[in-house]
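Please have a look at the sequence and the structure first.

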Amino acid sequence: AIDPTDPLLVWRAVQMCSGREAPARCLSRDWERQLIAVDGENSESWIQIAANRYAEGDVDSALMALRRASTAAESRAYWPETVEMIERGLAASSDFTFPERANMAFGFAAAIPSSYYDHYVMCKDQSQKDSEWAYACLAYGELVEARGKEEMSVSHARSMQWGALDASGEKKRAE
């Protein structure tokens, strides 16, 4: 509500409203629409929407979002921005030194649940059933490996590629 055009804040709202632990009162579709409006060229925005649709049982919409994720112009998971946001919050509300705030900010950011496992399972499961899924997951993984800014994202992208190739029976490429 403070700044609905800040991609980091909208990204975090979508993250908080996704998954099994999401509060029932979350307006996840509204947050997703806002995320696409402010960060629609980010592969991570689209893969999260794909995972959300998949969790709802809407496999066709999930595949459409995954295809969009695999053609996005950039890939940002907002890790450094999240750490900075937490550190700034601690600076405004505590008397901790900068090294203490930075250390805590990394810890708090790392404690925020990631959707990486859900993305991986979605791709692995669907790649076993449908080659279109396998190719879309592979393309997404290749894009994030090439354009990802955080090591965690790049590592996840490699796992996604391996999972898609392995599930679709391309053992040699998976190796």
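Helices here are DSSP runs of H or I with at least four residues, strands are runs of E with at least two, and both are numbered from the N terminus. The model is a predicted one, where local features need pLDDT of at least 70, side-chain atom pairs count only at pLDDT 80 or more, and totals for chains, interfaces and linings use all residues. Residues are numbered from 1 along each chain as its sequence is written, and side-chain values use heavy atoms, with hydrogens and water left out.

**The second largest pocket**

Which helix gives the most to the lining of the second largest pocket? Helix 1 does, with three residues. Helices 1 (7–16), 3 (43–55), 5 (79–93), 6 (98–111), 7 (116–129) and 9 (151–167) each supply at least two residues of this lining.

On a 1 Å grid over the protein atoms alone, a pocket is an open set of points where a 1.4 Å probe fits, with protein on both sides within 12 Å along at least five of seven lines; lining residues have an atom within 4 Å of a point. The second largest pocket has a volume of about 260 Å³, a volume being the space filled by probe spheres set on the points, which are joined across faces, edges and corners. It is lined by 20 residues, and Arg12, Ala77, Ser114, Tyr116 and Met152 are the closest to its centre.

Buried means under 20% relative accessible area, exposed over 50%, and partly exposed in between (1.4 Å probe, protein chains only).

| Residue | Relative accessible area | Class |
|---|---|---|
| Tyr78 | 3% | buried |
| Asn52 | 9% | buried |
| Trp79 | 24% | partly exposed |
| Phe106 | 45% | partly exposed |

Tyr78 sits in the loop between helix 4 (59–69) and helix 5. Although Tyr78 is not a glycine, its phi is positive, about 60°.

Asn52 belongs to helix 3. Its side chain and that of Ser18 are joined by a polar contact of 3.1 Å; such a contact is a pair of N or O atoms within 3.5 Å, one able to donate a hydrogen and the other to accept it.

**An aromatic pair**

Rings of Phe, Tyr and Trp (its six-membered ring) pair if their centres lie within 6.5 Å; planes under 30 degrees apart count as stacked, over 60 as edge-to-face and the rest as tilted. The count by this rule is three aromatic pairs. The Trp79 and Phe106 rings have centres 6.2 Å apart and planes at 55°, so this pair is tilted. Because Trp79 lies in helix 5 and Phe106 in helix 6, the pair ties together parts that are 27 residues apart in sequence.
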